[in-house]
Amino acid sequence: MDGRARERIELRTRDEIARIREACLVVHDVLDELAAAAVPGVTTADLDRLARTRARDRGAEPAFLGYHGYPASLCISVNEEVVHGIPSEGRVLREGDIVGLDFGVVLGGWFGDSARTVPVGRVSAEATRLLEATRESLRRAIAAAVPEGRVGDLGAAVQACVEPQGYSVVRDFVGHGIGRRLHEAPQVPNFGTRGSGVVLRPGMVLAIEPMVNAGGRAVETLEDGWTAVTADGSLSAHFEHTVAITEDGPEVLTLGRVGPGGGSR
Ligand code: MF3
Ligand code: CO
């Protein structure tokens with residue numbers, strides 16, 4: 001997202017959060033389907049079509065399509081691609097790839113946004129370790145999303161998780177508030193200092209999205225104007241959830257529907 005630091009931070013009611021969750025459920029279910037479909041031989045354009053079709057089947061519209069001119073419904077970032085990879089007919093997934101799937105929808109005027117990085121077939125131990133570390137860093141950032149916490153606590157949690165493992169945190173892209181628009185205030189960097197930044201309040205809804213590189217943190221943008229890649233060619237992973245801050249703590253909206261037994265996926 002781009003900077004709108006002075007914009008006010010919206011606080012959503014329980015009912016509004018329930019609407020955002022409806023959008024987030026579509027995102028979750030589509031990502032589940034995309035993850036299962038990301039097998040050797042499939043093109044990234046195939047996955048883009050699948051995402052668009054499934055969202056529309058559910059009455060939702062892909063949030064990224066046309067956003068600042070973005071030409072597709074889904075961002076697919078393979079291996080050293082960090083974020084905002086554009087799907088194409090020519091890009092065939094191969095065994096051993098790691099594939100970032102980043103998807104958002106708008107449903108009834110409310111947005112949801114989530115990303116995961118998934119292995120295609122069997123991947124290297126090194127790639128698996130990066131995926132696990134990045135997923136864990138998101139889990140820890142979410143755990144820090146509590147009332148009276150600070151935005152800086154989230155980034156600090158990401159850094160503390162991955163940097164001791166020799167990884168680096170991407171700084172050129174950040175998470176964001178979300179609700180009536182895809183990107184709202186505040187910005188949510190994946191690096192920071194505990195106790196600094198905006199105070200977190202019940203009703204804030206944040207898209208928290210660490211991007212972690214196996215090598216250095218520097219990224220470059222390809223000539224397509226969108227695809228961000230690691231400057232050193234190292235692997236990169238990205239996980240994102242839309243999270244509501246409630247009196248009872250963080251509520252992850254982009255998980256599957258919680259069943260009667262309380263189990264969620
Ligand atoms: N999750 C990404 C983000 O919040 C997706 C935006 S892609 C764009 O930045 F194409 F819509 F820009
Ligand atoms: Co996002």
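Biologist: What should I know about the numbering and the cut-offs first?
Modeller: Residues count from 1 along each chain as its sequence is written, while chains are lettered from A and ligands numbered from 1 in the order in which they are written. In this predicted model local features need pLDDT of at least 70, side-chain atom pairs count only at pLDDT 80 or more, and totals for chains, interfaces and linings use all residues, with side-chain values using heavy atoms and leaving out hydrogens and water.

Biologist: How many nonpolar, polar and charged residues make up the shell around ligand 1?
Modeller: The shell includes Phe64, Tyr67, Trp226, His176 and Glu209; a residue is near the ligand if one of its heavy atoms lies within 4 Å. For the classes, Ala, Val, Leu, Ile, Met, Phe, Trp, Tyr, Cys and Pro are nonpolar, Asp, Glu, Lys and Arg charged, and the others, Gly among them, polar. The tally is five nonpolar, three polar and four charged.

Biologist: How far is a nitrogen atom of ligand 1 from an N or O atom in the side chain of Glu240?
Modeller: We're after pairs of N or O atoms within 3.5 Å. Asp113 has a polar side-chain atom 3.2 Å from a ligand nitrogen, and a side-chain N or O of His84 sits 3.5 Å from a ligand oxygen. For Glu240, the value is 3.0 Å.

Biologist: What share of the area that ligand 1 exposes when taken alone does the protein bury?
Modeller: Areas come from the Shrake-Rupley method with a 1.4 Å probe. On its own, ligand 1 exposes 330 Å², and the share buried by the protein is 96%.

Biologist: Is Val151 buried or exposed?
Modeller: Val151 touches Pro186, Val188 and Leu200, among others, leaving out residues up to four places away in sequence; contact here means heavy atoms within 4.5 Å. Buried means under 20% relative accessible area, exposed over 50%, partly exposed in between (1.4 Å probe, protein chains only). With a relative accessible area of 6%, Val151 is buried.

Biologist: How far apart are Val151 and Val188, C-alpha to C-alpha?
Modeller: In sequence, 37 residues separate Val151 and Val188. In space, their C-alpha atoms are apart by 6.4 Å.

Biologist: Which residue has its backbone nitrogen 3.0 Å from a polar side-chain atom of Gln159?
Modeller: Gln159 counts as buried, at 14% relative accessibility. Its contacts include Asn190 and Phe191. The backbone nitrogen in question belongs to Gly192.

Key. A polar contact is a pair of N or O atoms within 3.5 Å; within protein, one must be able to donate a hydrogen and the other to accept it, and residues adjacent in sequence count only if both atoms are side-chain atoms.
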